[in-house]
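Hello,

Here is the structure I said I would pass on. My notes on its charged side chains follow below.

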Amino acid sequence: MTRQSVSNSSAAPEAIATGSSPAKIVETETAEMRPAFRHPGVILPVPTPQEKFQHAQPGVPDTQLTREATGLLHEFSTQLLFNHSHRVFFWANELGRQTGQHYDQELLFVCAAFHDMGLLKKFSSAEDRFEVDGANAVRQFLEHHNVPAARIQVAWDAISLHTTPGIVQYKPIEVELLYNGVGLDVLGIGYETFPDDLRKTIVAQYPRVNFKQDIANAFLGGFKHKTQTTEGTCNEDICSHFIRNYKRSNFYEQIQNSPFQNSQL
């Protein structure tokens, strides 16, 4: 699809007046006239896992989507991320139950299964945030299964925003549940108020063996080749801790160093 610039008729005369040659008026295109998303320039294929790995775990909705998502974790991920992703689902699922609201349990599991796929070399792009890599992977996976676009967008948002504070509470509930499930498993947010017996049962089923150290190393492995993607995010703290002489850009300095000059009164 060719991208068009958006303009309006009231702005056109100014454009013509200030330009060195007559400006071409571009036809206005409203947002609903376009697809709701844009595919990445480079598509990283999401394979269908071998059938022997396609078995949903007890307590997970048993559907084709959940079986294949589990299979991808089994075949291409690590035990660390397999356990982490399942714990995230069970935390998020319980938090969803507590709200008393309806939510898409099947999609929530798929989001939990894919949320850290972008840390794996197989699904890691050269330039995008790892969260976006995982979101792009889930979109491809769900499109392959002819899932409706609106449902796919919820999954994309949930995964792309799962480390970004301050937004998810204004998105569909599945987006917020994934964010809170990740926050509980990685940072312990909500630990004291989560049912103690359920917490112990889930950890017994999906152990946290050396989790605090290994998840930090998994993060580093996922973006040490593209540290620029971590700037302005919590992931930057991983780079600061592990990478010698790591230096982030400074937003204030970027403002001051802009090639534009202040206008004179």
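R87, D185 and R208 are linked in a network of salt bridges (a salt bridge is a side-chain nitrogen of Lys or Arg within 4 Å of a carboxyl oxygen of Asp or Glu). This is a predicted model, in which local features need pLDDT of at least 70 and side-chain atom pairs count only at pLDDT 80 or more, while totals for chains, interfaces and linings use all residues. Residues are numbered from 1 along each chain as its sequence is written, and side-chain values use heavy atoms, with hydrogens and water left out.

R87 lies in helix α3 (residues 79-99) and D185 in helix α7 (residues 173-187), so the pair ties together parts that are 98 residues apart in sequence. Helices here are DSSP runs of H or I with at least four residues, numbered from the N terminus. Both R87 and D185 are buried (buried means under 20% relative accessible area, exposed over 50%, partly exposed in between, with a 1.4 Å probe and protein chains only).

The structure holds 13 salt bridges. Another of them joins K171 and D157 at 3.0 Å, N to O. K171 sits in the loop between α6 (149-160) and α7, and D157 in helix α6, 14 residues apart. K171 is partly exposed at 31% relative accessible area, whereas D157 is buried at 11%.

E29 and R34 also form a salt bridge (3.5 Å, N to O). E29 is buried, at 14%, and R34 is partly exposed, at 34%.

Regards

Conventions:
Helix = DSSP H or I, 4+ residues; strand = E, 2+ residues; numbered from the N terminus.
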